[in-house]
Amino acid sequence: MLGARIAALRRGANLTQGELAQRLQVSASAIGMYEQGRREPSAEILVALSRIFGVTVDYLLTGRPLPQEQTAVACAMEAVLDHTQAQLDKRPKRHLSREEVAVLFAALLMES
């Protein structure tokens, strides 16, 4: 699961494996192996990944955000939902409900 979290965070940051590798000063193939679970990153690499992606090492290893991270994620999602609703409100066509926007946002997150 660590590899899947690294891949998801990398894609979410719009980074290629090569770009992330440059930031970490490792090879692109090392990134590929981390993401495939064929190799475990060192403690130093885990710390660097957490800084690059703005998450804790605990999140990288367990997938569970700390309470303050949950709050930050909720605030970020709320801001995106508000912005999206504001954009949709400008359109003369049928408005989506807040729940519909939330479903669309969740689907977009799953795509990355």
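From the N terminus on, the elements of the protein chain run α-α-α-α-α-α-α. That comes to 7 helices and 0 strands; both are DSSP runs numbered from the N terminus, with at least four residues (H or I) for a helix and at least two (E) for a strand. You are looking at a predicted model, in which local features need pLDDT of at least 70 and side-chain atom pairs count only at pLDDT 80 or more, while totals for chains, interfaces and linings use all residues. Residues are numbered from 1 along each chain as its sequence is written, and side-chain values use heavy atoms, with hydrogens and water left out.

**Stop 1: the whole chain**

Of the 112 residues, 27% count as buried. Here, buried means under 20% relative accessible area, exposed means over 50%, and partly exposed is in between (1.4 Å probe, protein chains only). Among the contacts with a separation of 6 or more, 40% are accounted for by residues 24 or more positions apart; a contact means heavy atoms within 4.5 Å.

**Stop 2: helix α1**

Now select residues 2-12, which form helix α1. Which residues of α1 are buried? They are L2, G3, R5, I6, A7, L9 and R10. Just after α1, click on N14, which takes a positive phi of about 55 degrees.

**Stop 3: a charged pair**

Side chains of opposite charge can pair when their charged atoms come close. E35 forms a salt bridge with R10, and their closest N and O atoms are 2.5 Å apart. The term salt bridge is used for a side-chain nitrogen of Lys or Arg within 4 Å of a carboxyl oxygen of Asp or Glu. E35 lies in helix α3 (residues 28-36) and R10 in helix α1, so this pair ties together parts that are 25 residues apart in sequence. Are the two residues buried or exposed? Both E35 and R10 are buried. A search of the whole structure finds 1 salt bridge.

**Stop 4: helix α3**

Stay with α3 and colour its buried residues: A30, I31, G32, Y34 and E35. The buried residues of α3 pack against α1, α2 and α4. Just after this helix, G37 takes a positive phi of about 75 degrees.

**Stop 5: the nonpolar core**

In soluble globular proteins, nonpolar side chains tend to be buried together. Select L20, L49, F53 and L60: they have the most contacts inside the largest nonpolar core, which has 16 residues. Such a core is a set of buried Ala, Val, Leu, Ile, Met, Phe, Trp, Tyr and Cys residues joined through side-chain atoms within 4.5 Å. Helices α1, α2 (17-24), α3 and α4 (43-53) each supply at least two residues of this core. Which helix gives the most to the core? The answer is α4, with 4 residues. Zoom in on L49: not counting residues up to four places away in sequence, L49 touches I6, L20, L24 and L60.

**Stop 6: where α2 meets α4**

Two packed helices are described by the angle between their axes and the distance between the axes. The contact is made by L20, R23 and L24 of α2 with I45, A48, L49, I52 and F53 of α4.

**Stop 7**

Next, click on S50 in helix α4. At 9% relative accessibility, S50 counts as buried. Leaving aside neighbours within four places in sequence, S50 is in contact with V55, T56, V57 and L60.

Finish on helix α5 (residues 57-62), where you will find Y59. Y59 is partly exposed, with a relative accessible area of 21%. The C-alpha atoms of Y59 and L2 are separated by 9.1 Å, although the two residues are 57 apart along the chain. L61 also lies in α5, and at 48% relative accessibility L61 counts as partly exposed. Leaving aside neighbours within four places in sequence, L61 is in contact with L2, R5 and L46.
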